[in-house]
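Hi,

Here is the structure I said I would pass on.

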Amino acid sequence: MKSKHLIYCLLALCFFALSSCGPENVDYANKVVGNYNVKITPNINLKSDGNSFPSIELDVETVGTITKDDELGNVTIKIQGVNGLINDIEMKAYCSGLGMNIEDCTYAGMISSSEYGGVDCNITLKNPTTTISNSKIFNWNSTVTGQCLINFIGLEITCETSGLINFELTPITE
């Protein structure tokens, strides 16, 4: 009976030792660092006092960068604002073998709308993990919650917001 326990303990120790060995430590942050063309497509729904208003929908094309913060896989995504359309956006992320895990962040700034003009937003972006590939193309949807101040037929209205913002990043080739 004691020999069975000894064998089981040795097997458990072997499995533990083998599972702690992994592939070479690849620096995933280096795979994402660079300059990017960025396309932002918000689809934000607006509600106030039970009333729905037309959604904010537009396409914004701009540029951005992903820079490495440290040797632990942390990076910063900076998206340049476009005057009159959208302000700068900054996100923090962690890169690993599972992908680029983008932290939730806030955006307090303007978003242009053909319906409302400049919309003053204070929103939270719930960001996902996006796949890291050798092509350095990133595409993700961020879930939006928060509030926006709109000008609807001359009235300033604070609306609860929900919806998605799609981000597409493609590398700039020089």
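The lining of the largest cavity is made up, by class, of nine nonpolar, no polar and no charged residues. Here Ala, Val, Leu, Ile, Met, Phe, Trp, Tyr, Cys and Pro count as nonpolar, Asp, Glu, Lys and Arg as charged, and the others, Gly among them, as polar.

Before the rest, a word on the source: this is a predicted model, where local features need pLDDT of at least 70, side-chain atom pairs count only at pLDDT 80 or more, and totals for chains, interfaces and linings use all residues. Residues are numbered from 1 along each chain as its sequence is written, and side-chain values use heavy atoms, with hydrogens and water left out.

Back to the cavity (a set of points on a 1 Å grid over the protein atoms alone where a 1.4 Å probe fits but cannot get out; lining residues have an atom within 4 Å of a point). The largest has a volume of about 40 Å³, volume being the space filled by probe spheres set on the points. Its lining includes Ile40, Tyr107 and Phe167. At least two lining residues come from each of β7 (105-113), β8 (117-126) and β11 (155-171); strands are DSSP runs of E, at least two residues, numbered from the N terminus.

Lysine 136, in the loop between β9 (129-130) and β10 (138-152), has a positive phi near 60°. Isoleucine 153, in the loop between β10 and β11, also has a positive phi, about 45°. Isoleucine 153 counts as exposed because its relative accessibility is 74%, and exposed means over 50% relative accessible area (1.4 Å probe, protein chains only).

Cheers

Conventions: On a 1 Å grid over the protein atoms alone, a cavity is a set of points where a 1.4 Å probe fits but cannot get out, and a pocket is an open set with protein on both sides within 12 Å along at least five of seven lines; lining residues have an atom within 4 Å of a point. Helices (H or I, at least four residues) and strands (E, at least two) are DSSP runs, numbered from the N terminus. Buried means under 20% relative accessible area, exposed over 50%, partly exposed in between (1.4 Å probe, protein chains only).
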